Amino acid sequence: MTFPEADVPPALHGQVSALRDEAWPPDSGSAPGTFAHDPALRPVSMLLVEGASVLAALDVLRKDLVHDGRRFHAAGLSTVVTRRTARGQGHGHRLVTAARAEMAAMGLDLGLFTCDRPLLSFYERAGWQRLPGAVLIGGTPPDPFPSDRPGFDKVTLAGFFSPLARRHRSSFAHSRIEVYPGEIDRLW
């Protein structure tokens, strides 16, 4: 199921919130301050639902960015989570694969996001490509939040959807990509 984030039905939204709290307990150091996304990023929530149960969820955040002198319509995955009791059954894979297809259908040039290094093969199996040496710069220009900051062990992944993005694919590897999603979603 796909909804603009603000239109997720309350019963499903409650389940997604519980899944996020399960993955990132509110009292842990890994918990974000909030799971609400900046509306300027036009968040879209994708849910894998069986019966009335949310098995997996993620959000797609979108914005234009300029890289190597060119403007690209870009998006990234955020808050990808699978219910703990449903892990290992392919639900996350199905949802991340569907998100990649949905992003391509949105008329985007490319998808870009980071993941923890141990999750790299999970995303590659879903069709995402590792961008060797690429660093996403989040935050804002006056307060950047790079994915290679100390203590992070992130890798950057991409999907090149448009002819423009495919022509300029090589400019993304081994580069610093200024995404700047803002203060709320510091690094999508």
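Two strands count as paired if DSSP finds at least two bridges between them. Helices (H or I, at least four residues) and strands (E, at least two) are DSSP runs, numbered from the N terminus. What you're looking at is a predicted model, where local features need pLDDT of at least 70, side-chain atom pairs count only at pLDDT 80 or more, and totals for chains, interfaces and linings use all residues. Residues are numbered from 1 along each chain as its sequence is written, and side-chain values use heavy atoms, with hydrogens and water left out.

- Seven strands make an open sheet with mixed pairing, in the order 1-2-3-4-5-9-6.
- Strand 1 (2–4) and strand 6 (129–130) sit at the edges with a single partner strand each, so one side of each has no neighbour in the sheet.
- Strand 2 and strand 3 pair in the antiparallel sense over seven bridges, and Met46 stands opposite Leu58 in strand 3.

**Helix 2**
- Helix 2 covers residues 91–105.
- His91, Gly92, Leu95, Val96, Ala99 and Met103 of helix 2 are buried (under 20% relative accessible area, with a 1.4 Å probe and protein chains only).
- They cover an arc of only 125° around the axis (taken from the directions from the helix axis to the C-beta atoms), which puts them on the same side of helix 2.
- On the other side of helix 2, Arg94 and Ala105 are exposed (over 50%).
- Just after helix 2, Gly107 has a positive phi of about 80°.

**His13**
- His13 belongs to helix 1 (residues 10–23).
- The C-alpha atoms of His13 and Asp116 are separated by 25 Å.

Definitions and conventions:
Expected span 1.5 Å × (residues − 1).
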